Amino acid sequence: MTITTEFVIRSLSLPLVNLAESIPSNQVECVHGLCRERTARVFTVYFDPNDDISEDELSALDEVVETTPIGQTSGKDVYQLTIELEKVVADAFAPERFTASQVEPTVVTPDGWYEKKLFQNYNAFNGMRTRCEEYGIEVELVSISQNPPEDDESSQYGLTHRQEEALQLAISRGYYESPRQVSTEELAEEMDISQPSLSSLLRRGERQLLTSALGSQPQIDSLSR
């Protein structure tokens with residue numbers, strides 16, 4: 001079951017951040033292939049016409065190798081930029097490490113890159129965040145939500161969708177590690193439910209997994225005696 005995430009990434013090595021700081025709108029929209037292609041270097045960027053940015057100014061940027069004017073769309077000036085990525089960025093976003101799909105264009109601001117991406121599950125997002133932090137790239141989670149399934153059937157293990165969501169979140173946040181990396185109160189806050197409701201979801205989900213793995217309910221009860 002996929003999740004949609006919104007997050008900000010920050011690093012002095014990220015391209016176009018200085019450009020965003022230098023223009024009146026303090027904002028650049030771009031579409032890129034990071035996380036999907038190791039050789040991705042081409043960025044399609046969108047500017048507010050009031051920023052009055054020129055091809056020569058873009059070409060003069062340290063990270064820009066080539067600039068191609070595209071034209072205008074939806075009231076935005078569009079350019080295609082070939083970017084020379086710093087090694088730390090290219091390695092951190094190596095697609096063989098994780099896969100994510102861009103839901104909306106990246107918004108580059110002086111504060112960093114605002115991203116909205118689709119991940120396969122919580123673990124996939126958590127892996128991306130851990131990978132970035134290993135390379136000194138900060139990832140601040142803004143929001144995370146589980147996308148509805150294509151049908152109303154429960155998971156292959158008989159879990160309800162909320163039980164599965166709670167268990168996946170708990171695993172990704174280190175709840176089942178020793179020592180625990182997160183409390184039920186923190187998990188409940190992230191799911192926007194009460195702590196007793198979160199504990200109930202985990203308890204019922206854990207029992208359902210055990211039932212699916214070990215057999216019927218009477219067998220589970222006999223094992224616990």
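This note sets out numbered remarks on the fold, core, pocket and local backbone features of a predicted model.

1. Overall composition. The chain of this predicted model has 225 residues, of which 43% are buried. Its secondary structure amounts to 8 helices and 9 strands. Where contacts join residues at least 6 apart in sequence, 64% of them link residues at least 24 apart.

2. In soluble globular proteins, nonpolar side chains tend to be buried together. In this model the largest nonpolar core comprises 51 residues, and Phe43, Val45 and Phe47 have the most contacts inside it. The element that gives the most to this core is helix α4, residues 122-134, with 5 residues.

3. Phe47. Beyond its neighbours within four places in sequence, Phe47 contacts the residues Leu19, Ile23, Val28, Ile53, Leu58 and Tyr79. Lys76 and Asp77 are also in contact with Phe47.

4. Helix α4. This helix is 13 residues long, and the distance from its first C-alpha to its last is 18 Å, close to the 18 Å expected at 1.5 Å a residue. Its buried residues are Tyr122, Ala124, Phe125, Asn126, Met128, Arg129, Arg131 and Cys132. Against which elements do the buried residues of α4 pack? Their partners are the strands β1, β8 (112-119) and β9 (138-146), together with the helices α3 (87-92) and α5 (161-172).

5. Helix α5. One of the partners of α4 is α5, which is itself largely enclosed by the rest of the structure, because 9 of its 12 residues are buried. The buried residues are Gln163, Glu164, Glu165, Ala166, Leu167, Gln168, Leu169, Ala170 and Ser172. The end C-alpha atoms of α5 are 16 Å apart, in agreement with the 16 Å that 12 residues should span at 1.5 Å a residue. Just after the helix, Gly174 adopts a positive phi of about 85°.

6. Val8 in strand β1. Val8 belongs to strand β1. Its relative accessible area is 11%, below the 20% cut-off, and Val8 is therefore buried. Although Val8 and Val142 are 134 residues apart along the chain, their C-alpha atoms are separated by 7.2 Å. Leaving out residues up to four places away in sequence, Val8 touches Asp111, Trp113 and Tyr114, and also Glu138, Val139, Glu140 and Val142.

7. Val65 in strand β4. Val65 is placed in strand β4, residues 64-73. Is Val65 buried or exposed? Its relative accessibility is 55%, over the 50% cut-off, so Val65 counts as exposed. Aside from residues up to four places away in sequence, Val65 touches Thr82, Ile83 and Glu84.

8. The largest pocket. Rolling a probe the size of a water molecule over the atoms shows where empty space is left. The largest pocket in this model has a volume of about 300 Å³. Its lining consists of 18 residues, and those nearest its centre are Leu12, Ser13, Leu14, Pro15 and Asn18.

9. Most residues other than glycine have a negative phi, and most peptide bonds are trans. Leu16, in the loop between β1 and α1, has a positive phi near 75°. With 0% relative accessibility, Leu16 counts as buried. Asp192 also has a positive phi, near 60°, and is located in the loop between α6 and α7 (195-214). Asp192 is exposed, its relative accessible area being 70%.

10. The cis peptide bond. Which two residues does a cis peptide bond join? They are Ser178 and Pro179, and omega is about 0°. Pro179 is part of the loop between α5 and α6 (184-191).

How values were computed:
Residues are numbered from 1 along each chain as its sequence is written. This is a predicted model: local features need pLDDT of at least 70, side-chain atom pairs count only at pLDDT 80 or more; totals for chains, interfaces and linings use all residues. Side-chain values use heavy atoms; hydrogens and water are left out. A nonpolar core is a set of buried Ala, Val, Leu, Ile, Met, Phe, Trp, Tyr and Cys residues joined through side-chain atoms within 4.5 Å. Buried means under 20% relative accessible area, exposed over 50%, partly exposed in between (1.4 Å probe, protein chains only). Helices (H or I, at least four residues) and strands (E, at least two) are DSSP runs, numbered from the N terminus. Contact means heavy atoms within 4.5 Å. On a 1 Å grid over the protein atoms alone, a cavity is a set of points where a 1.4 Å probe fits but cannot get out, and a pocket is an open set with protein on both sides within 12 Å along at least five of seven lines; lining residues have an atom within 4 Å of a point. Grid points are joined across faces, edges and corners, and a volume is the space filled by probe spheres set on the points. The expected span of a helix is 1.5 Å times one less than its number of residues.
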